[in-house]
Amino acid sequence: MNPTRGGWLIPLTLIGAMLLTVAHLAAGVPAWLRPDWAVALFLFWTITAPGRTGLVWAWITGLLFDVLLGDRLGLHGFGFALTTFLGSRFQERLLMYSLLQQTAVAAVIAATVQAVNSLARALLVDADLSALALVSILTTMLAYPLLSVTLRPLANRFMRQ
Amino acid sequence: MPIKVLFVRQSRAGYLLLTLTLLSCTLLAVDTRTPLLTPARLVIMTAISPLHYISSLPERVGTTVIQAFTSRNQLIRDYEALKREQLRLQGRLIRFESIIDENERLRQLLNSSVRVHGEVTAVGLLTISTPLEMVIDKGWLGKISVGQAVIDSTGLLGQVVTTGASISRVLLITNKANSVPVQVRRNNVHAIAVGDGKDGLLLKDVAVTQDIRQGDELVSSGLGQRFPSGYPVGVVDSVLRDRTKPFAEIAVRPSAALDRLHHVLVVAADRFVNPGARSMAAAPEAAPKTASDPATEALERPAPQTGGLEN
């Protein structure tokens, strides 16, 4: 990867993630089916393009998601920063993993982030701790290979010399 | 000979993560306890408001396409149906207007304060970001302010909690953070309906001996002056009376169809004008909207009966 090429791709995909996060679901589709697109995306970019996504930027993106979803400020920042940290800390190892293994890692990270977010919501705004939140971990896990398969060709096309 | 260090990465990322975590905790605490971060939230909200518009675009385009391909006959049928409906509603409205006038006159007779109904603005719905909040397509540029109630044609939906320049966030009545003062239509028993955090409401602190039954209709009472009075809030779904507990557990099903919304109305809360101070209070504010507001008209008109009775 060339460190200067295709820098616009990451913000663009993040905007895409924000759109998917607030996009209308068909009537009757419950909200907990919606994957945590941003977490899957941050994990993908830290593995694929190391050094391009920093912790601070991930945290600032979290603020945007807080406002977008009407959560308390600072809630999503932690999850995104943690994802970026774990992704970049084990980047070499994760890069060698197969897609299936990466998906398993995505599930573990999604579960951690979901647990922290649900707990914070329950403590701060008296939201219900629902077992249905676990379903979102599953959909995030399924979103990861989808993102990986779609975005890898783009990353290869625009970020390499 | 110094030991050569291999495979040890000098990285400050861990410290950075720790700092950001602490920063998150601080922000969460400040945002929960104080309104200090509201300006920042408004700035971000306005900056990302195009996202809400874009995300609702597919649905809008879909509606437009469907409209473009609606057959002429269908349009004529719809038009006829709407005309009939409009006529029917007009007929009812005339009756209501005379009732409102009568009501105001009776209130003046009793020398009690006069209720001025708030103005209504039609807005479109952009997103329902969480099941218990939604975003509408007007903000303070469209004269929407925090605290206004939001209704649809079937009942009360919620209240505006944040306003950006061109979008506002609405807390639905089913949200746990929301309470509506209500009264039972059948017998005017008052209660407070609190959202249950899912898709219904609960009546709080109603004594087991209170006369509230399954199927009772609840309307907003206008107490607290946040929500306007007289809008349907919900229907009592179940009443559980446990003699060992001081309060009954009453579940309410909301009247408004919270899961299939497209257009909603934002209403300003009722204002109360004291008949004695009415010439001062009503005149400056009511001047621009005289034609649209029958209640205000009634206010400005001198009531002929009052003089007659006092003699």
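The model is predicted. In chain B, six strands close into a barrel, while a nonpolar core of 52 residues draws on elements from chains A and B. Across all chains there are four aromatic pairs.

**Chain B at a glance**
- Chain B contains eight helices and 14 strands.
- Of its 311 residues, 37% are buried.
- Among contacts in chain B with a separation of 6 or more, 58% are between residues 24 or more positions apart.

**The barrel**
- Strand S10 (residues 217-220) and strand S11 (residues 232-240) of chain B run antiparallel and are joined by three bridges.
- Within this part of chain B, B:Glu217 has B:Val235 of S11(B) standing opposite.
- As background, strands in a sheet pair through backbone hydrogen bonds, in a parallel or an antiparallel way.

**Nonpolar cores**
- The largest nonpolar core has 52 residues, and the members that touch the most others are A:Leu41, A:Trp45, A:Phe80, A:Tyr144, A:Met159 and B:Ile48.
- Elements giving two or more residues to this core are H1, H2 (37-48), H3 (55-69), H4 (75-89), H6 (99-125) and H7 of chain A, together with H1 (13-33) and H2 (38-47) of chain B. H2(A) provides the largest share, with ten residues.
- Another core lies apart from this one; it has 23 residues, including B:Ile212, B:Leu218, B:Ile250 and B:Val267.
- Leaving aside residues up to four places away in sequence, A:Trp45 touches A:Leu9, A:Ile10, A:Thr13, A:Pro50, A:Thr53, A:Leu151, A:Ala155 and A:Met159.

**Aromatic rings and charges**
- A pair of aromatic rings is described by how far apart the centres are and by the angle of the planes.
- One of the four pairs is A:Trp8 with A:Phe158, which is edge-to-face at 5.0 Å centre to centre and 65° between the planes. The pair links distant parts of the chain, 150 residues apart: A:Trp8 is in the segment before helix H1 (9-22) of chain A, and A:Phe158 is in helix H7 (residues 133-159) of chain A.
- A:Trp8 counts as partly exposed because its relative accessible area is 46%, and A:Phe158 is also partly exposed, at 25%.
- A:Phe44 and A:Trp45 form an edge-to-face pair as well, with 5.0 Å centre to centre and 65° between the planes. Here A:Phe44 is buried at 0% relative accessibility, and A:Trp45 is buried at 1%.
- A:Phe42, A:Phe65 and A:Phe80 are linked into a cluster by ring pairs.
- Two arginines are worth a look: the charged end of A:Arg157 sits over the ring of A:Phe158, 5.0 Å from its centre, and A:Arg89 lies over the face of A:Phe90, 5.4 Å from the ring centre.

**Positive phi in chain B**
- Most residues other than glycine have a negative phi.
- B:Lys143, although not a glycine, has a positive phi of about 65°. B:Lys143 lies in the loop between strands S3 (133-136) and S4 (149-152) of chain B, and counts as exposed because its relative accessibility is 69%.
- B:Asp205 also has a positive phi, near 55°, but its place is in strand S9 (residues 201-207) of chain B. At 57% relative accessibility, B:Asp205 counts as exposed.

Technical notes:
Residues numbered from 1 in each chain as written. Chains lettered and ligands numbered in written order. Predicted model: local features only at pLDDT ≥ 70, side-chain atom pairs only at ≥ 80, totals over all residues. Heavy atoms only, no water. Pairing = 2+ DSSP bridges. Helix = DSSP H or I, 4+ residues; strand = E, 2+ residues; numbered from the N terminus. Phe/Tyr/Trp six-rings, centres within 6.5 Å; stacked < 30°, edge-to-face > 60°. Buried < 20%, exposed > 50% of the residue type's maximum accessible area, 1.4 Å probe, protein only. Lys NZ or Arg CZ within 6 Å of the ring centre and 35° of its normal. Core = buried A, V, L, I, M, F, W, Y, C linked by side-chain atoms within 4.5 Å. Contact = heavy atoms within 4.5 Å.
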